[in-house]
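My notes follow the order in which I checked them.

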Amino acid sequence: MIFPNDIAYGELLGSGNGGIVKKAIHKQTGMPLAVKIINVYDKGKRHQLYNELGAMGQQDSPYLLKCYGAFFEEGSVRLVLEFMDCGSMETMINVLNELCG
């Protein structure tokens, strides 16, 4: 489990309908992380968050993004995720589509 004080936030990686994603470092281990920050005051985003947490909590596969935990801070829920050093999932899909034609 990763706690809020364990994280040092870095650059903004992206933003979208569900919130923003920031690069972070786990202070004790130096492990790179991605933290998805979702405003929970928006009803639609709360519903999306509920679905994401349910799906992530049930999966354990080397082919899926790992979720290391979630916590509430400053009016938002923060999902602590595995950092993908090859870009966003959208970027990967676009590259694969180009390669596979």
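I am working with a predicted model, where local features need pLDDT of at least 70, side-chain atom pairs count only at pLDDT 80 or more, and totals for chains, interfaces and linings use all residues. Residues are numbered from 1 along each chain as its sequence is written, and side-chain values use heavy atoms, with hydrogens and water left out.

**Sheet.** I looked up the strand order (strands are DSSP E runs of at least two residues, numbered from the N terminus). I found an open sheet of five strands, β1-β2-β3-β5-β4, with antiparallel pairing (pairing takes at least two DSSP bridges between two strands). β1 (7–16) and β4 (67–73) are the edges; each has a single partner strand, so one side of each lacks a neighbour in the sheet. I noted six bridges between β2 and β3. Ile 25 has Pro 32 of β3 as its bridge partner.

**His 26.** I placed His 26 in strand β2 (residues 19–26). His 26 counts as buried because its relative accessibility is 10% (buried is under 20% relative accessible area, with a 1.4 Å probe and protein chains only). Beyond four places in sequence, His 26 touches Ile 2, Asp 6, Met 31 and Leu 33 (heavy atoms within 4.5 Å).

Definitions and conventions. Helix = DSSP H or I, 4+ residues; strand = E, 2+ residues; numbered from the N terminus. Buried < 20%, exposed > 50% of the residue type's maximum accessible area, 1.4 Å probe, protein only.
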